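Hi everyone, thanks for coming. Please have a look at the model on the screen, and then I'll walk you through a few spots in it.

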Amino acid sequence: MRKMRRPMPERGHHLHRLERHRRRSACQGPRLDGRRVARKGVIMHTNLPTRRSFVGGAGALAAASLLTGCSSASHERLYGWTSPTSADAAAVPTVCGLCPEQCGLTALVKDGALTGLRGDGGHPFSRGRLCAAGYAYGDATYTSDRIAEPMKRTASGSWEPIDWDEAIGDIAAALDAAAGTAGAESIALLHDGRAIAAAYGKRLMHALGSPNVFAADRTGREACANVLKRTIGASRYVPDAAHTALILFVGQDPLGGTRPSLVATQTAAKENGGRLCRVSPYRSASDTLIDEWTPLAAGTELAFVLALCQVVVDEGRYDTSYLDASDEGFAAWKAELNEYRPAWAESLTGIPASDISRIALQLAEAAPAVSVVADGVSGRYANASATIRATALLNTLLGSWNREGGALAAPEAIFADPGFNALPDLPVPSAARLGDADYPLVSEAGASTMLVRGIEDGAVKSLFLFGDGCLGDPSVRAAGDGRFSQLDTCVFVGSVKPANDAGIGYLLPEPTPLESRGFPSLASGSVAIASLRAQAVDPVCPDARTIDAIVSDLASACGIGERFACSCDDVVAARLASVGLEPEDFAHVAFVPLPTQASVLQAGSIAFASDEFERAGLGQTARWIEPAVSPSSDQREFRLLADCQSATFVEELAQTERLQSISRECGLDRLWMNVSAARDLGIEDGDTVTISTAAAEASETCIVHTTPCMHPKAVMLPSLTSAFATSLAAEPGFGTTARDETLVFISKGGAR
Ligand code: SF4
């Protein structure tokens with residue numbers, strides 16, 4: 001294949017229309033609610049790649065993206081930031097602050113402005129790769145849709161600037177009124193999972209007396225960690241890619257399979273002769289390294305895994321390292337597995353029983369240098385956690401834990417000191433968080449589905465949204481346009497104006513990760529690391545304030561300022577000290593390895609039987625749980641799957657004009673449909689179709705991409721932007737939003 005050079009941005013007087021628009025926007029400020037709003041002191045950098053420059057790459061690569069896969073290199077050409085000025089720019093080591101993966105990257109900076117970005121090859125997990133969002137990292141800083149100063153919605157619904165003191169005073173008064181009339185628990189906060197938003201958001205809510213703090217879980221990562229912790233005692237595991245014989249992926253990975261740590265794992269496995277297999281309802285365009293793909297009916301991954309367990313046990317091919325002869329839990333599960341034979345699983349999954357047996361025996365043959373990974377199902381179905389639980393037990397049967405080539409239980413990495421311990425203890429709110437009583441296995445993140453329902457039924461009157469990413473939470477997306485309209489007060493703290501700002505009363509500007517120093521955070525895989533970002537570029541919006549400053553000011557205005565009477569620098573230092581580090585350790589680097597070892601799983605720590613699962617109604621042993629919905633035999637009915645493409649899962653980027661254009665060029669707004677199932681309905685590639693729910697309460701049109709890489713009874717939207725893309729179904733026991741529990745009808749035609 002001929003290697004393409006990515007065209008450079010145009011400069012000077014040959015500016016494209018978009019470039020001119022950006023420059024006008026820089027002077028005039030964003031168009032908010034139909035009118036221009038003047039900005040104070042905003043300096044917009046105009047070295048964004050122009051539309052013309054990227055379309056050359058995007059147009060040429062679009063077909064490749066859809067049909068043959070979109071590699072990390074093509075992602076860089078499509079989304080990346082490289083300009084002619086990068087050559088003599090300073091290299092600033094940092095980490096991507098857009099999601100919890102925190103991939104390593106290097107920002108190229110000249111005169112305080114970003115001129116380029118590249119992955120950091122020294123990062124132990126991402127190994128020089130970035131996803132589409134990471135390559136487009138700079139767009140969030142230089143978009144013309146930045147929130148440049150505090151804004152307040154007027155009675156007429158438009159936005160007007162307001163100074164910080166007035167905004168903080170107004171909001172404090174509203175909180176006081178809400179607490180007085182509906183109780184402190186009527187105040188809630190949803191944060192985007194960043195360490196600083198989590199730390200300050202939780203402390204603010206608890207200081208106000210509310211337990212209602214929730215974290216957005218855009219990719220199901222938190223939910224997966226929660227069920228693993230309860231099953232094997234470790235929150236995460238990774239394949240030993242350098243020595244593996246076989247990795248089996250169950251379900252499709254988040255970010256369309258482009259998560260840098262995943263790609264690095266797959267690449268290392270292939271380079272070392274390992275085999276990669278996937279069993280999933282569709283094969284992502286990025287799954288270019290997979291050797292064997294087996295389609296199955298969406299929502300039946302659990303049946304497939306249980307049948308693998310049954311074969312391994314029935315054939316006596318299981319490892320006994322974690323079995324105690326007197327382990328009644330295993331004995332009970334072993335008996336129950338008899339119900340889950342391959343023929344039974346075939347009737348649900350559609351995978352021939354002979355293939356299920358073959359895959360099980362291949363795993364047993366290669367064990368212990370094998371691992372089975374199912375984090376891709378997390379957050380999709382009502383039985384997603386049960387699938388992750390059964391998969392962890394399958395790895396146990398295969399004897400894979402911490403064996404060469406097997407599944408490495410990631411070190412547990414937590415700060416012993418959250419950083420506020422020098423201050424007086426906070427009283428724990430007496431009321432239970434919304435949803436916690438209904439979902440006893442809920443994760444630390446909380447059940448955001450219950451937050452949305454709390455808003456709908458009036459239990460929540462005031463809401464803080466901390467960080468652009470919280471709007472990407474599946475339940476917030478599922479709640480649709482009117483999601484915040486019933487609130488008395490809704491405050492959004494972020495860097496980019498939300499595409500849908502309905503119901504939001506205040507916009508408070510926050511610097512982007514590139515513009516501000518980070519907050520310590522930890523990540524683990526085969527090793528554990530601590531990260532602390534340096535500020536990389538000059539602030540574009542000088543009026544923006546960091547979360548800690550906003551919370552401290554708000555707390556003072558609410559009369560609880562003493563709860564935050566320590567500087568953020570002190571909090572940072574205390575957190576780092578609790579893992580044996582200090583801020584100076586990050587003077588020239590953005591991440592530091594921690595001297596922790598892989599989690600050692602103890603015999604007896606593997607929960608073959610679990611009372612807490614039993615109490616939550618999920619069975620004492622891992623068993624079959626029906627998905628919430630299943631498509632009927634009606635040819636027009638399908639399960640709708642919502643992918644989480646790396647180009648669109650980061651809210652503050654997805655709405656920028658450049659990313660939206662690339663997404664359209666790459667067909668990310670197209671509905672994936674099995675080519676045979678489409679033909680049965682008279683639908684061809686490129687046709688317009690109407691998607692509607694069974695009750696026809698909602699419908700939408702889109703263009704179809706037909707492919708053999710899709711199960712015949714499922715359709716998939718690569719982007720989460722559709723109103724159909726998520727359901728508000730909550731997973732039993734856990735409360736996790738099950739975003740793929742939606743049935744739709746597809747028909748040819750429709751206005752578009
Ligand atoms: S996965 Fe993408 S968005 Fe997340 S940290 Fe890595 S590069 Fe950034």
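Let me start with a term: I call a residue buried under 20% relative accessible area, exposed over 50%, and partly exposed in between, using a 1.4 Å probe and protein chains only. With that in hand, take Leu117: its relative accessibility is 3%, so Leu117 counts as buried. Leu117 is found in strand β5. Helices here are DSSP runs of H or I with at least four residues, strands are runs of E with at least two, and both are numbered from the N terminus. Leu117 and Ala107 are ten residues apart in sequence, and their C-alpha atoms are 4.8 Å apart in space.

Before going on, a word on the source: this is a predicted model, where local features need pLDDT of at least 70 and side-chain atom pairs count only at pLDDT 80 or more, while totals for chains, interfaces and linings use all residues. Residues are numbered from 1 along each chain as its sequence is written, and side-chain values use heavy atoms, with hydrogens and water left out.

The loop between β4 (104-110) and β5 (113-119) holds Asp111. Asp111 has a positive phi, near 50 degrees, and it is a residue other than glycine. Is Asp111 buried or exposed? Its relative accessible area is 71%, so Asp111 is exposed. Arg127 is not a glycine either, yet its phi is positive at about 50 degrees. Arg127 is partly exposed, with a relative accessible area of 48%.

UniProt, in an unreviewed entry, places the feature "domain: 4Fe-4S Mo/W bis-MGD-type" at residues 89-145. UniProt positions are given in the numbering used here, feature names are shortened, and annotations may be inferred rather than shown by experiment. In the model, the span 89-145 is 18% helix and 35% strand, and its end C-alpha atoms lie 26 Å apart.

Now the ligand. Which residues come nearest to it? Of the 13 residues around the ligand, those are Cys96, Cys99, Gln102, Cys103 and Cys131; to be included, a residue needs a heavy atom within 4 Å. Sorted by class, that shell has ten nonpolar, two polar and one charged residues. Here Ala, Val, Leu, Ile, Met, Phe, Trp, Tyr, Cys and Pro count as nonpolar, Asp, Glu, Lys and Arg as charged, and the others, Gly among them, as polar.

On to the aromatic rings. There are 13 aromatic pairs in the structure. Rings of Phe, Tyr and Trp (its six-membered ring) pair if their centres lie within 6.5 Å; planes under 30 degrees apart are stacked, over 60 edge-to-face, and the rest tilted. One of the pairs is Tyr340 with Trp344, which is tilted, at 4.8 Å centre to centre and 50 degrees between the planes. Tyr340 is buried at 5% relative accessibility, whereas Trp344 is partly exposed at 22%.

Another pair, Phe420 and Phe564, is edge-to-face, with 6.3 Å between centres and 85 degrees between planes. This pair links distant parts of the chain, 144 residues apart: Phe420 sits in the loop between β15 (407-409) and α15 (448-456), and Phe564 in the loop between α17 (547-557) and α18 (568-577). Both Phe420 and Phe564 are buried.

Helix α7 (residues 195-208) is mostly covered, with eleven of its 14 residues buried. Its first and last C-alpha atoms are 20 Å apart, close to the 20 Å expected, taking 1.5 Å times one less than the number of residues. Just after α7, Gly209 takes a positive phi of about 95 degrees.

Last, helix α14 (residues 384-397): 14 of its 14 residues are buried, so α14 is largely enclosed by the rest of the structure. Gly399 follows α14, with a positive phi near 65 degrees.
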